Amino acid sequence: MSWGRGSGSSTARSGSGPGESLTTPWLYAAHGTGLDEVAGRFHAWLRSRPHHPDRPRPVTLNNWEATYFDHDLDRLTDLVDRGARVGAERFVLDDGWFGGRRDDTSSLGDWVVSPDVWPDGLDPLIEHVHAAGMEFGLWVEPEMVSLDSDLARAHPEWIFSAGGRRGLESRQQHVLDLGHAGAYAHVRDQLRALLDRYDIAYLKWDHNRYLNDAGHTPGGEPGVREHTLAVYRLMDELLAAHPGLEIESCSAGGGRVDLGILERAVRVWASDCIDPLERQQIQRGTMLLLPPELVGTHIASGRSHTTGRRHDLDFRAGTALWGHLGIEWDLATCTEAELAELEAWVAFHRAHRELLHTGRVVNGDHHDEATWVHGTVAQDRSTALFQVAALARPATTGPHRVRLPGLDADARYRVTLERPGQDPLRAGPGVVPWAVDGVVLPGRVLAEVGLPMQPLDPEHGQIWRAVSV
């Protein structure tokens, strides 16, 4: 369900008493033969909206998993330089830039640049980002409040509560009830002051806990709807005041991925987990509703921040390739070889970004559940990219055949194995012949018979490219 842009703008609390009425959100539905067709209908509709992003989605470098709360200017400018080298186009400064926020225990609600960490403001960093040819973005969490904050000490009555008691604390934070006019004005004015003062192209708008115990004080009336409409109204105000500003809906990763927020946000964060093995399933599910250009997909560090697994760069980058690409990795720890390989992957994404962000998403059936096949096919079916991913050990010995869905059955395609940042594949034991120099076959053969896949170790992938000839 979705509250559309501009709907529900009144701050009056409605629908809760005798004789009052409530207008529900719109409900959208689609039907088709198979999930790919259903997803394609949603994708086509979302892409047809007048505010759908119409410029290339900038490759985003986020500092969170590189520095966490350690906001040292020299360290961050070095990260910016390394990001620019590998092809990043936007830098996002994450949590820790405001108030006394040196860890996750304080300062949510005090959206003022910390003079202790940033004595000269954010200008030195922003100027460095711009000099490197990148846009600047900033992390915010406007709907949250820490009890250890100037805001909570001044206005405890603006915090959601229920039954006359303070609501349950989660992640050492509470939810600020934007249904209060004063709370709304406080957040709006602080955010507008930041956007007026600094050249900020992008807000990563987070919401890192459940909205529960949502009683509007002092009476305890249900407050979720009014709060949600206030969030929409706040975003609308900021976007109207700053044309060109973009907003990402983060929400702890996947907590607010809906059609209402997508009337304002042009990117969602599908999950805080960017372990590529987990992301294979996360991204497949998210893209049943959303086209890839709206889904943030980041290249993780070698050891996953959330799961502890280790993966080679080709699997991490090959998994992140398919959405709105980003990097969340301490590039200062990279070897020269890793930076060169990462640069090649970013260049590959940018070279194929138009296809990835305008094409039809397809998923292939495979007899072995350990092997997943998905891809993006151009609307005119002239070209396509596919990933073949080994999520586990195969149940049987190979080589297995992989069928490529979505191509023109009557056209002929040259299929090649793409290896960004890696040495070309050479013929030898265990190498399937077509993978070395490519092969030309009709689309019907590729869809119904397929091609033998190059053997893969678990948690590795291949990128196949098909071009009509």
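This is a predicted model: local features need pLDDT of at least 70, side-chain atom pairs count only at pLDDT 80 or more; totals for chains, interfaces and linings use all residues.
Residues are numbered from 1 along each chain as its sequence is written, and side-chain values use heavy atoms, with hydrogens and water left out.

I placed Asp312 in the loop between strand 13 (295-300) and helix 10 (313-320), where helices (H or I, at least four residues) and strands (E, at least two) are DSSP runs numbered from the N terminus. From Asp312 to Gly302 I find 6.6 Å, C-alpha to C-alpha, for a separation of 10 residues in sequence.

Arg309 is also in the loop between strand 13 and helix 10, and at 29% relative accessibility Arg309 counts as partly exposed. Setting aside residues up to four places away in sequence, I list its contacts (heavy atoms within 4.5 Å) as Asp275, Leu277, Glu278, Gly302, Arg303, Ser304 and Glu459. Tyr28, by contrast, is 281 residues away from Arg309 in sequence and 38 Å away in space, C-alpha to C-alpha.

**Confidence**

I then checked pLDDT, the predictor's confidence in each residue on a scale from 0 to 100. The protein averages 94, and 96% of the residues score at least 70. Over residues 6-13 pLDDT stays under 50, and for this stretch the model has 15 contacts beyond four places in sequence.

**Aromatic rings and charges**

I count 10 aromatic pairs in the structure; rings of Phe, Tyr and Trp (its six-membered ring) pair if their centres lie within 6.5 Å, with planes under 30 degrees apart taken as stacked, over 60 as edge-to-face and the rest as tilted. One of these, Phe98 with Trp111, has ring centres 4.5 Å apart and planes at 45°, so I record the pair as tilted. Both partners are in the loop between strand 2 (90-93) and helix 4 (123-131), 13 residues apart, and their pairing links distant parts of the chain. Phe98 is buried at 0% relative accessibility, and Trp111 is buried at 1%. Phe98 and Trp111 also belong to one aromatic cluster with Trp97 and Trp139.

Trp111 comes up again in the surroundings of Gln190, which touches Gly109, Asp110, Trp111 and Val112 when residues up to four places away in sequence are not counted. Gln190 itself is in helix 6 (residues 181-197) and is buried at 17% relative accessibility.

For charges over rings I used the criterion that NZ of Lys or CZ of Arg is within 6 Å of the ring centre and within 35 degrees of the ring normal. Arg233 lies over the face of Tyr184, 4.6 Å from the ring centre, and the charged end of Arg284 sits over the ring of Trp372, 4.2 Å from its centre.

Helix 1 (residues 35-47) has 13 residues and reaches 18 Å from its first C-alpha to its last, close to the expected 18 Å, where the expected span is 1.5 Å times one less than the number of residues. Its buried residues are Val38, Ala39, Phe42, His43 and Leu46. Seen down the axis, these buried residues fall within an arc of 135°, so they line one face of helix 1; the arc is that of the directions from the helix axis to the C-beta atoms. I find the buried residues of helix 1 packed against strand 15 (360-364).

In helix 4 I find Leu125, Ile126 and Val129 buried. They cover an arc of only 95° around the axis, which puts them on the same side of helix 4. Glu127 and Ala131 are exposed on the other side of this helix. The packing partners of the buried residues of helix 4 are helix 3 (73-86), strand 2 and strand 3 (135-140). Just after helix 4, Gly133 takes a positive phi of about 85°.

**Ser161**

Leaving aside neighbours within four places in sequence, Ser161 is in contact with Arg166, Gly167, Asp213, Ala214, Gly215, His216 and Thr217.

Terms used
Buried means under 20% relative accessible area, exposed over 50%, partly exposed in between (1.4 Å probe, protein chains only).
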